[in-house]
Amino acid sequence: MGKDKIRRFNENKTFQNVVQPTREEAINEFTLKGNWNKKFFKNDNPIVLELGCGKGEYTVAMARRDKDRNFIGVDIKGSRFWRGAKTCLDEGIENAGFLRTQIEIIDHLFAENEVSEIWITFPDPQIKYRRTKHRLTDPEFLRRYNTILKPEGTVNLKTDSEFLHGYTHGVIHIEGHEVIRSTHDVYHPDHSDIPAIVTEVQTYYESKFLEEGKKITYIKFQLKY
């Protein structure tokens, strides 16, 4: 592990906006489960998750724009979201936090109906068939999200992968969920009705994909289990 990663890991331990439970702590009566509003944010505002948040660009941007909601960036790689966590501390952004954990146990970390919205931005599409269960819109993941989402809660997927976009549409259709908005190119002139947060915030990887001429896809959907 490089010195810079070690420094970031150590700094994360001192950041009051970073939560890093062990796996054992996460799956055995995690203290913040059901208490994120009361104990972490100390308000009653809706909670929004960014799963696989990377450097936390979306988490930070959404928190800047909407002070009436709470945002949590979730990723297993703390050295990445260190950037987002530090930006929030430097700018005094109090409605954002970061959680270091595996997304496969997300339902152990949040209570039923505790989350209002989920964002998944540029995840690994896991194209190989044997990696199907690792796709963040695989039915097993959606069932976990359904456990923690409010009944009217929504899921947003933004990706450069036409494969993952199509796969997700297939899952939504087969499972009986509802597509609210979908496009194969969020920057197409005909899609001026796309929410501003989708087009005005670009992650590091999105900027690279756009330079390569790739189209950026987007789906917003609601789970109907």
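Q: In this predicted model, how many bridges join β5 to strand β6, and which way do the two run?

A: Bridge counts and direction describe a strand pair. Six bridges join β5 to β6 (residues 149-159), and the two strands run parallel. Within this pair, V115 has L149 of β6 as its bridge partner.

Q: Which strand does β5 pair with through W119?

A: Bridge partners name the neighbour. W119 in β5 is the bridge partner of E50. Strand β2 (residues 47-51) is joined to β5 by four bridges, and these strands run parallel.

Q: Is strand β5 buried or exposed?

A: Burial is read residue by residue, with under 20% relative accessible area counted as buried. Seven of the seven residues of β5 (residues 115-121) are buried, so the strand is largely enclosed by the rest of the structure.

Q: In what order do the strands form the sheet?

A: Strand order is read across the sheet. Here eight strands form an open sheet, ordered β1-β4-β3-β2-β5-β6-β8-β7, with mixed pairing. At the edges stand β1 (18-19) and β7 (178-183); each has a single partner strand, so one side of each lacks a neighbour in the sheet.

Q: Which strands does helix α5 touch?

A: Contacts and an angle describe how a helix packs. Helix α5 (residues 78-91) packs on the sheet, where it touches β1, β3 and β4 (96-100), and its direction makes about 165 degrees with that of β4. Helix α6 also packs on the sheet, touching β2, β5, β6 and β8 (217-222), with about 140 degrees between its direction and that of β6.

Methods. Residues numbered from 1 in each chain as written. Predicted model: local features only at pLDDT ≥ 70, side-chain atom pairs only at ≥ 80, totals over all residues. Heavy atoms only, no water. Buried < 20%, exposed > 50% of the residue type's maximum accessible area, 1.4 Å probe, protein only. Pairing = 2+ DSSP bridges. Contact = heavy atoms within 4.5 Å. Axes fitted to C-alpha atoms, helices over the stretch in contact; angles between N-to-C directions.
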